[in-house]
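Subject: Structure for your files

Hello,

Please find the structure below. My notes on it follow directly after.

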Amino acid sequence: STRQLFKSTLARNEEARREDISGTDEWTNITPTIERLTNRKLLSNPAHPLTTLRDIIFSKFPEQEYTRANFLNPRVSVYENFDSLNITPDHVSRSKTDTYYLNKHKVLRTHTSAHQVESFRVYPTPGFLIAADVYRRDEIDRSHYPAFHQMEGGRWWSPEGTTSVKELVAKIDADTAKIPTSGIQIVDDTLPFHAGNPKQDRQPPEVCIAVTNHLKRTLEMVVGEIFQDIGKGDPSATKEPLQIRWIDATFPFTSPSWEMEVYWQGEWLELFGCGVTQQRVFDQAGHPERVGWAFGVGIERVAMVLFGIPDIRLFWSEDPRFLEQFAPGVVNTFKQFSRYPGTSRDFAFWLKDGTSPDQFHDNDLMDIVREVAGDLVENVSLIDKFTHPKTKRNSLCYRVLFQSMERTLNNDEINVLQDNIRESLKIKFAVELR
Ligand code: FA5
Ligand code: MG
């Protein structure tokens, strides 16, 4: 029964809290570079563009309705990041190649959703907003970095005080009616729910629809206000109404689920992932009777567009030529300071006998390169891969582009980086360099 399920999940929750989560083990893959990033706390600088954008988004939600949470510890349990959200043990995002593990029980959160259950459990308000740094082992390029920021929002209703589904729906609809209308152009070809994006068994269809309406109207209002406000100060901005579109999506912790995209400067920009919260999540939170929604959004991608910041690594820059361009609460266009020339080096090597190329993951090299060269790496790409016809040994070749945003790198300096990367490759992966 629901009661029993609720009891056993609570027990599991407690167990996860008590687990010994200190120390390292065979799962540990966090690197010193990433460790350092966890201490940067960019959102504590009031002039940082990410902080400005966070505050703009926060300001669109009524304060008495949504509790704000900042500076939550990025070290969370595997339970919080995955299990509590219905993310199954075999899901790819849990693998060591994608996630930074402190040890078997603890990870650096890969998304702010790691705090959903706790937020639905403890806050006195029916809504919450979270802004935080998140970490993923990912490629390195202009729009991907192993650390970035997300915002999460959630909103719930309890059937308490209502005597029928109709009354619960009326309560939700009354809240939806209070949301200011957006005045933007919305393309929504999605259905409230369908076989490919189903409603949950435990929810009557009217409730699913009411929650969906509140969710969509809320996010439309937020996007409309943010992008229209920002367009106002810019005389070159187009006077066309802002366009957004809704698309079906899938997340293990919401159903049905959607993504919202906005048309901005000639491109569709993915903004929110969102959906009707899985009842299982409310079970974990100890409130199985509630219904509600959740959304998540990557802050950098939006900030890059709004502030005209061309490279995601700039957000982490300590260069005054970056930081001094911004003031608290002001959205202004970033002025690029001069770009310095880059240099690329190739790394070709034979994998250990009996190792297939799939056992060496791109992210393994990314972490080595990042450890040695930090933000001097602009890009890493696999350029060649082959199997020797006779020996059957596998060879890989990667090209690394070094570039500083602050100065011209000299050859001696790059040679040292190159040697250190080669050395590290030999030690960590027993490869034979070519
Ligand atoms: C999530 O992380 C879900 N937790 C969102 C969610 C929350 C859905 C609540 C439903 C309910 P996703 O993996 O798509 O979803 O990431 C969300 C956003 O993070 C993306 O749209 C993108 O803007 C940003 N993002 C992902 N990877 C990177 C990266 N390496 N660098 C910068 N931004 C990234
Ligand atoms: Mg996505």
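Strand 2 and strand 4 (residues 106-108) run antiparallel and are joined by three bridges. Helices (H or I, at least four residues) and strands (E, at least two) are DSSP runs, numbered from the N terminus. V107 in strand 4 is the bridge partner of V76. The two strands belong to an open sheet of three strands with antiparallel pairing and the order 2-4-3; strands count as paired if DSSP finds at least two bridges between them. Strand 2 (75-77) and strand 3 (101-103) are at the edges with a single partner strand each, so one side of each has no neighbour in the sheet. From one strand to the next, the twist averages 35°.

On provenance: this is a predicted model, in which local features need pLDDT of at least 70 and side-chain atom pairs count only at pLDDT 80 or more, while totals for chains, interfaces and linings use all residues. Residues are numbered from 1 along each chain as its sequence is written, and chains are lettered from A and ligands numbered from 1 in the order in which they are written.

Next, the ligand. There are 21 residues around ligand 1, and H111, F148, G273, G296 and G298 come nearest (a residue is near if its C-beta atom, placed from the backbone, lies within 6 Å). Strand 6 (147-157), strand 10 (267-277), strand 11 (291-298) and helix 9 (299-307) supply at least two residues each to this shell. By class, the shell has six nonpolar, nine polar and six charged residues. Here Ala, Val, Leu, Ile, Met, Phe, Trp, Tyr, Cys and Pro are nonpolar, Asp, Glu, Lys and Arg charged, and the others, Gly among them, polar.

Helix 9 also packs against helix 3 (residues 49-59), at an angle of about 100° and with the axes 10 Å apart. Axes are lines fitted to C-alpha atoms, for helices over the stretch in contact, and angles run from 0 to 180 degrees between N-to-C directions. The two helices, helix 3 and helix 9, are therefore roughly perpendicular (65 to 115 degrees; under 35 is roughly parallel, over 145 roughly antiparallel, the rest oblique). P49, L50, L53 and R54 of helix 3 meet I299, V302, A303, L306 and F307 of helix 9, where contact means C-beta atoms, placed from the backbone, within 7 Å. This contact has eight nonpolar residues, no polar ones and one charged.

Helix 11 (residues 362-373) and helix 12 (residues 411-429) pack at about 135°, with their axes 9 Å apart. That makes helix 11 oblique to helix 12.

Regards

Terms used. Contact = placed C-beta atoms within 7 Å.
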